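Dear colleague,

I am handing over the structure below, and after it I set out what I found when I went through it. Please read the notes alongside the coordinates.

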Amino acid sequence: MGLDGLARLHGLFAAYKPPGLKWKHLRDTVELQLLKVRGPAFTSLKIGMGHRLDAQASGVLVLGVGRGRRLLTDMYNAHLTKDYTVHGLLGKATDDFCEDGRLVEKTTYDHVTREKLERILSLIQGSHQKALVMYSNVDLQTQEAYEMAVSGVLRPMNKSPMLVTGIRCLQFAPPEFLLEVQCMHETQKQLRRLVHEIGLELKSTAVCTQVRRTRDGFFTLDDALLRTQWDLPSIQDAIQSAAPRVAAELENNLRPGLGTQ
């Protein structure tokens, strides 16, 4: 590969991580594909990992290649939200909030309705909205800050606990239910714990059966390369395709002041 080809490999792209695969294995697989390329310009290209997914979770995983690793830091500093679909199962509690964890308790769930679930979700979103305002360090007395709060683009300036900026029920078919969660500064275990806590609030129990990230900042499922596409041409195309959007989004989100998402 010549210098021109090498230059097109610096940047960000998204891969789809299947459940059961560790993020390190995904990164190493991609790195091996790129190390097959040899030339006088370089000996190796380092791969950086964005917001991680644990082994059980699946979905959008952003990687940075070469100088693109610096852009991962910019993504962190932009405090962008991420979207997940989270599957829950009523009627039991486990020690790790997962379906296959050690059983702690079994309960009935006949009394749980979609209306009751949605009431709990509304309370969760309300409490997290208050926390978001607190961690954003903005004065809600100003018109600009008020408009940001109403339109949902407030962001914390520094690290914070997990903040849920949106949560809704997509499907309710007891004992199963499906949630869509928009959040930041989360871990997948915290999302599983959230399902557990929702079960308790419903005077029942619940475990999480699946966590899937459908968006990480400005990368969505449509951008994510499947395992069969973790090869040099596909990665190169994905980096080039994303580059203008990455530059525009980061400039928009990292500009001084309050900014918008």
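Among the contacts in the protein chain with a separation of 6 or more, 71% are accounted for by residues 24 or more positions apart, where contact means heavy atoms within 4.5 Å. Please keep in mind that this is a predicted model, in which local features need pLDDT of at least 70 and side-chain atom pairs count only at pLDDT 80 or more, while totals for chains, interfaces and linings use all residues. Residues are numbered from 1 along each chain as its sequence is written, and side-chain values use heavy atoms, with hydrogens and water left out.

The protein chain has seven helices and 10 strands, these being DSSP runs numbered from the N terminus (helices H or I, at least four residues; strands E, at least two). Of its 261 residues, 47% count as buried, a word that stands for under 20% relative accessible area, with exposed meaning over 50% and partly exposed in between (1.4 Å probe, protein chains only). The accessible surface of the chain comes to about 13300 Å², and 51% of that belongs to carbon and sulfur atoms; the areas come from the Shrake-Rupley method with a 1.4 Å probe, and for residues only the protein chains shown count as cover.

Next, the pockets. A pocket is, on a 1 Å grid over the protein atoms alone, an open set of points where a 1.4 Å probe fits, with protein on both sides within 12 Å along at least five of seven lines, and its lining residues have an atom within 4 Å of a point. The largest pocket holds about 420 Å³ of space, the volume being the space filled by probe spheres set on grid points that are joined across faces, edges and corners. Its lining consists of 18 residues, of which His51, Tyr76, Lys82, His185 and Glu186 lie nearest the centre. Helices α3 (69-78) and α6 each supply at least two of the lining residues, and the largest share, three residues, comes from α3. By class, this lining has four nonpolar, seven polar and seven charged residues, where Ala, Val, Leu, Ile, Met, Phe, Trp, Tyr, Cys and Pro count as nonpolar, Asp, Glu, Lys and Arg as charged, and the others, Gly among them, as polar.

Glu186 is placed in the loop between β8 (176-184) and α6 (188-201), and it counts as buried because its relative accessibility is 10%. Its side chain makes a polar contact with the side chain of Lys82 at 3.4 Å, a polar contact being a pair of N or O atoms within 3.5 Å, of which, within protein, one must be able to donate a hydrogen and the other to accept it, and residues adjacent in sequence count only if both atoms are side-chain atoms. His185 has a polar contact as well, made by its side chain with that of His79 (2.9 Å). His79 is found in the loop between α3 and β4 (82-90) and is buried, with a relative accessible area of 13%.

The second largest pocket holds about 160 Å³ of space. Strand β9 (residues 206-216) gives the most to its lining, with four residues, and the lining divides into five nonpolar, four polar and three charged residues. One of the lining residues is Ser58, which is placed in strand β3 (residues 58-65) and is buried at a relative accessible area of 3%.

With best regards
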